[in-house]
Amino acid sequence: MEKVFERPKALCNVPLHYCPGCTHGIVHRLVAEVMDELDITGDTIGVAPVGCSVFAYNYFECDMHEASHGRAPAVATGIKRVHNDKIVFTYQGDGDLAAIGTAETVHAAARGENITIIFINNAIYGMTGGQMAPTSLAGQITQTTPYGRNPKTQGYPIRMAEMLSTLDGARYIERVAVDSIKNIKAAKAAIKKAFTLQMQGEGFTMVEVLSSCPTNWGLSPVEALEWLRANMIPHYPLGVYCDKKLEG
């Protein structure tokens, strides 16, 4: 019998620690499939900081480096400048990338660092118990906004793809989702394009992935995907926000 579906070689054959229904596992698989298809696993270095993805080094067959909370783009910059022949990517959540790591992210993009960021946006702090994140929606109930996020006192959610796309150093930025087969295929294509552009020395690339967090949203896995479609995608529209040749 012909095998038509199997575990990617770049994905370790171990159980994932993520909560049931969490879509981190889907994104891990897509990254691993892209490494397989581009045949770059042996030349890839991943960087995982603090957050739900803190154990990402257990799941990829490529070299992995741990970073302090929010500092993955800075660590990735150092690794890439020393090992310019390697493919370097970070795997970061919204609390990590858009809060404590905002400066590192913005300036890596502004400098046009030839790295790729996989940015998981589930609109909440996952690992630490469900506090409001910079990407939490207005009105969203979290552990620190029990009556819903109030923009008057807690500010507005940050749209990272839109903000970073205004920087001259950004080469390619796309927002995708992993809530359906169609969107999962589009997410894989975006990740593959980002890695390919890095291999060509094109500069800073980022793929923002809208992801679900059933545990901290207080929903079932199916309900969480429905909530993502009904609430997150309207506020964070999918699509390419930056795809340009850089000068110099």
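The numbered points below concern a predicted model.

1. Overall dimensions. The protein contains 9 helices and 7 strands, and its C-alpha trace spans about 50 × 50 × 30 Å along the principal axes. A compact globule of 248 residues would have a radius of gyration near 18 Å, and the 17 Å of this protein agrees with that. Buried residues make up 52% of the 248 residues. Of the contacts between residues at least 6 apart in sequence, 68% join residues that are at least 24 apart.

2. The sheet. The 7 strands form an open sheet of mixed pairing, in the order S2-S1-S3-S4-S6-S5-S7. Strands S2 and S7 (239–243) stand at the edges with a single partner strand each, so one side of each is left without a neighbour in the sheet. On average, and with direction ignored, neighbouring strands of this sheet are turned by 15 degrees against each other.

3. How many of the residues of S6 are buried? The count is 7 of 7, so S6 is largely enclosed by the rest of the structure. Both of its faces are covered, with Phe-204, Met-206, Glu-208 and Leu-210 buried on one side and Thr-205, Val-207 and Val-209 buried on the other. S6 pairs with S4 in the parallel sense over 6 bridges, and Thr-205 in S6 is the bridge partner of Thr-116. The pairing of S5 with S6 is also parallel and runs over 7 bridges, with Val-176 standing opposite Val-209 in S6.

4. The antiparallel pairing at S7. Strand S5 (residues 170–177) and S7 run antiparallel and are joined by 4 bridges. Within this pairing, the bridge partner of Ile-173 is Cys-242 in S7. Cys-242 is also included in the second core described in point 7.

5. Helix H7 over the sheet. Helix H7 lies across S3, S4 (116–121), S5, S6 (204–210) and S7, and runs at about 165 degrees to S5. Asn-183 is found in this helix, which covers residues 181–199. With a relative accessibility of 16%, Asn-183 counts as buried, and, when residues up to four places away in sequence are not counted, Asn-183 touches Ala-177 and Leu-238.

6. The largest nonpolar core. Which members of the largest nonpolar core touch the most other members? They are Val-31, Ile-118 and Phe-195, in a core of 31 residues. The elements that give two or more residues to this core are H1, S3, S4, S5, H7 and S6. With neighbours within four places in sequence left aside, the contacts of Ile-118 include Val-27, Val-31, Phe-89, Ile-191, Phe-195, Val-207 and Val-209, and also Thr-90 and Gln-92.

7. The second core and helix H2. A second, separate core of 22 residues includes Ala-72, Ala-76, Ala-98 and Cys-242. In helix H2 (residues 72–82), the buried residues are Ala-72, Pro-73, Ala-76, Thr-77, Ile-79 and Lys-80. An α-helix has 3.6 residues a turn, so residues three or four places apart point the same way. The buried residues of H2 pack against S1, S2, S3, helix H4 (102–111), S4 and H7.

8. Aromatic pairs. The aromatic pairs number 5. One of them joins Tyr-18 and Tyr-59 in a tilted arrangement, at 5.9 Å centre to centre and with 50 degrees between the planes. This pair links distant parts of the chain, 41 residues apart, with Tyr-18 in the segment before helix H1 (24–38) and Tyr-59 in the loop between strand S1 (44–48) and strand S2 (63–66). Both Tyr-18 and Tyr-59 are buried. The rings of Phe-60 and Phe-89 also have their centres 5.9 Å apart, but their planes lie at 85 degrees, so this pair is edge-to-face. Phe-60, in the loop between S1 and S2, and Phe-89, in strand S3 (residues 87–93), are 29 residues apart.

9. The aromatic cluster. Phe-60, Phe-89 and Phe-195 form one aromatic cluster. Phe-60 counts as buried at 3% relative accessibility, and Phe-89 is buried with a relative accessible area of 0%. Both Phe-89 and Phe-195 are among the contacts of Ile-118.

Conventions
Residues are numbered from 1 along each chain as its sequence is written. This is a predicted model: local features need pLDDT of at least 70, side-chain atom pairs count only at pLDDT 80 or more; totals for chains, interfaces and linings use all residues. Side-chain values use heavy atoms; hydrogens and water are left out. Rings of Phe, Tyr and Trp (its six-membered ring) pair if their centres lie within 6.5 Å; planes under 30 degrees apart count as stacked, over 60 as edge-to-face and the rest as tilted. Buried means under 20% relative accessible area, exposed over 50%, partly exposed in between (1.4 Å probe, protein chains only). Contact means heavy atoms within 4.5 Å. Two strands pair if DSSP finds at least two bridges between them. Axes are lines fitted to C-alpha atoms, for helices over the stretch in contact, and angles run from 0 to 180 degrees between N-to-C directions. A nonpolar core is a set of buried Ala, Val, Leu, Ile, Met, Phe, Trp, Tyr and Cys residues joined through side-chain atoms within 4.5 Å. The radius of gyration is taken over C-alpha atoms; the globule rule is 2.2 Å times the number of residues to the power 0.38.
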